Amino acid sequence: MYRIILFLLLIALAAAGAAWVADQPGEVLFSWDGGRAHVTPLEFVVGFAIAVVAAMMAWSILRALWRLPEKIRKSRHERRHARGRHAITQGLLAIGHGDSSAARLHADVARRHAAADPLTLLLHAQSAQLDGNRHAAREAFQAMAMREDTRLLGLRGLFIEAQRADDVVAAVAIAEEALKTSPSSTWASQAVLGFRCAKADWTGALAILDNNLSSGLIDKETYRRQRGVLLTARALELETVDRDQSRDVVMEAIKLAPTLVPAAVLAAKFQSEAHQIRRAMRLVEAAWLAQPHPDLADAYAHVKLGDSARQRLVRIETLAAKAPGHIEGALAVARAAIDATEFGKAREALGTFIEAPTQRVAMLMAEIERTEHGDSGKARAWTLRAVRALHDPVWTADGYVSERWRPVSPVSGRLDAFQWQMPLSALPSGNGVVEPSAFEQAMLAAAPQRAVPAGHPVDTPPLMAQDLVAQDNAPTGPPLADIAPSPPAAAPPAAPPLFRARAELPAAAEKPAPAIPAVIPIVRAPDDPGVDDGTDGDEFAVSRPPSRGQTGGWLGFLSRMRS
């Protein structure tokens with residue numbers, strides 16, 4: 001709207017100016033080389049305007065001709081740069097979906113058309129990494145490290161390559177150089193901090209931590225926690241070297257991180273040695289409320305030297321009551337009760353966790369059975385359940401399991417990474433309940449064995465008929481009334497004799513009758529000889545040869561013909 005009004009005003013002013021010039025009297029005289037020209041003012045103005053416009057057009061044409069080669073070069077450069085950018089885009093996409101050959105081709109195209117682009121070096125380095133060409137990747141990252149705009153990116157790539165090559169010295173040097181270049185670099189500060197912690201350079205690690213706070217990489221709360229972790233690690237190292245300095249360091253650490261378990265345990269130990277019992281107990285209780293731990297329970301139990309086992313049990317029960325229902329409290333009470341020979345309290349403490357026991361619960365139950373009753377059978381059953389039971393919490397970080405607490409993770413170098421929890425490899429896949437086997441149930445259901453004094457009869461429950469099983473090698477005895485006698489083994493049918501023995505022959509008449517046993521023998525397995533009773537049955541008697549007497553009749557005639 002305003003532009004239209006301004007345009008109309010300019011047209012009106014131009015028209016008014018032209019009318020004014022046309023109304024002016026007189027003429028304009030041009031004289032050159034003896035000639036003269038007379039024009040009106042209006043004609044002069046119009047001619048002058050035409051001359052100015054013509055001059056401007058001529059200047060524009062000349063300027064365009066002068067700049068034409070530069071424009072051609074610039075246009076070609078823009079086209080090449082556009083092709084290079086397109087190749088970079090396609091190459092990065094190929095790297096994203098893992099096509100190494102396409103990424104390599106696009107990297108070559110980008111190098112030809114956009115060699116000065118920093119993304120070209122990045123594409124070349126990543127395509128070389130995807131191909132497994134470490135030498136080409138290092139060369140690309142070194143070229144990036146020489147440029148001012150890609151220096152940190154190149155150092156980052158060289159650091160990763162040094163880690164892959166297990167070159168710790170080069171990795172440390174590259175990380176320190178990157179930290180000097182940019183103190184706010186997160187990866188460089190974490191890497192240098194991890195390396196210094198790995199070398200137990202706690203002073204240097206504390207300096208890096210202060211630099212992280214000043215650079216704004218961490219907040220105040222994280223700084224206090226991590227500083228407490230580093231001071232605790234330093235105090236644990238100085239415990240066997242300089243106990244006074246270790247005590248001073250750990251007391252500073254417990255102020256910064258009061259819930260850190262190793263710091264609370266060590267500080268309570270020093271306070272107990274200084275006869276500061278109540279202060280030591282408060283330190284342990286504060287850490288226990290945040291994370292119950294067996295080391296805290298042990299430190300709390302022995303906070304006062306010289307106490308009896310029953311006094312330690314009372315103290316542990318007080319600590320466990322501060323976190324009711326927690327398994328660590330139950331385990332601590334059971335341990336103290338076993339030491340005080342209060343097996344009933346130990347069983348009561350572990351009663352909630354017997355249905356789905358952990359390894360420590362099962363081992364404590366085995367110790368209770370062995371110590372209280374001397375029942376080795378139940379102790380073995382609980383030990384077997386411990387092998388198959390759920391894993392107890394341990395110090396773990398990034399999948400790594402350690403027997404003791406560490407300030408940094410050996411896998412990632414992360415500070416304060418260790419947590420007291422169940423390792424990932426031991427997490428149950430189902431409901432987490434390990435079903436006991438039939439052997440375990442039988443052993444746990446059996447009554448405890450007790451020694452029987454000599455000379456006292458042992459009460460044996462009467463055997464029922466269904467409980468008796470015939471043994472293969474049992475001696476024969478009188479038959480039982482409630483057991484049906486088994487029939488004797490049937491002898492194999494003998495073949496009929498070819499010739500019948502005559503009753504009047506003396507040999508056949510003098511043949512003794514087979515002995516009939518007074519007791520029906522028990523059936524035995526075919527391969528069991530049994531017990532020799534001195535009596536041969538018919539099936540085992542040595543058969544006598546038939547008599548050679550004269551046989552009458554036509555059968556005798558036939559036999560004489562065959563012989």
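In this predicted model, Asp244 and Arg247 sit three residues apart, about one turn of the helix, within helix α11 (residues 243-256). Their side chains form a salt bridge, with 3.0 Å between the closest N and O atoms. Both partners fall in the partly exposed class: Asp244 has a relative accessibility of 46%, and Arg247 has a relative accessible area of 29%.

A second pair takes us across the chain. Glu367 is joined to Arg335 by a salt bridge whose closest N and O atoms are 2.8 Å apart. This pair links distant parts of the chain, as Glu367 belongs to helix α18 (residues 359-372) and Arg335 to helix α16 (residues 327-339), 32 residues apart. Glu367 is partly exposed at 24% relative accessible area, and Arg335 is likewise partly exposed at 30%.

Arg147, at 26%, counts as partly exposed. Elsewhere, salt bridges connect Arg134, Glu161 and Arg164 into a network. The count of salt bridges comes to 21.

Of its 563 residues, 30% are buried. Among contacts with a separation of 6 or more, 51% are between residues 24 or more positions apart. The chain exposes about 36,800 Å², and carbon and sulfur atoms supply 59% of that area.

Notes. Residues numbered from 1 in each chain as written. Predicted model: local features only at pLDDT ≥ 70, side-chain atom pairs only at ≥ 80, totals over all residues. Heavy atoms only, no water. Buried < 20%, exposed > 50% of the residue type's maximum accessible area, 1.4 Å probe, protein only. Contact = heavy atoms within 4.5 Å. Areas by Shrake-Rupley, 256 points an atom, 1.4 Å probe, with all protein chains shown as cover. Salt bridge = Lys/Arg side-chain N within 4 Å of Asp/Glu carboxyl O. Helix = DSSP H or I, 4+ residues; strand = E, 2+ residues; numbered from the N terminus.
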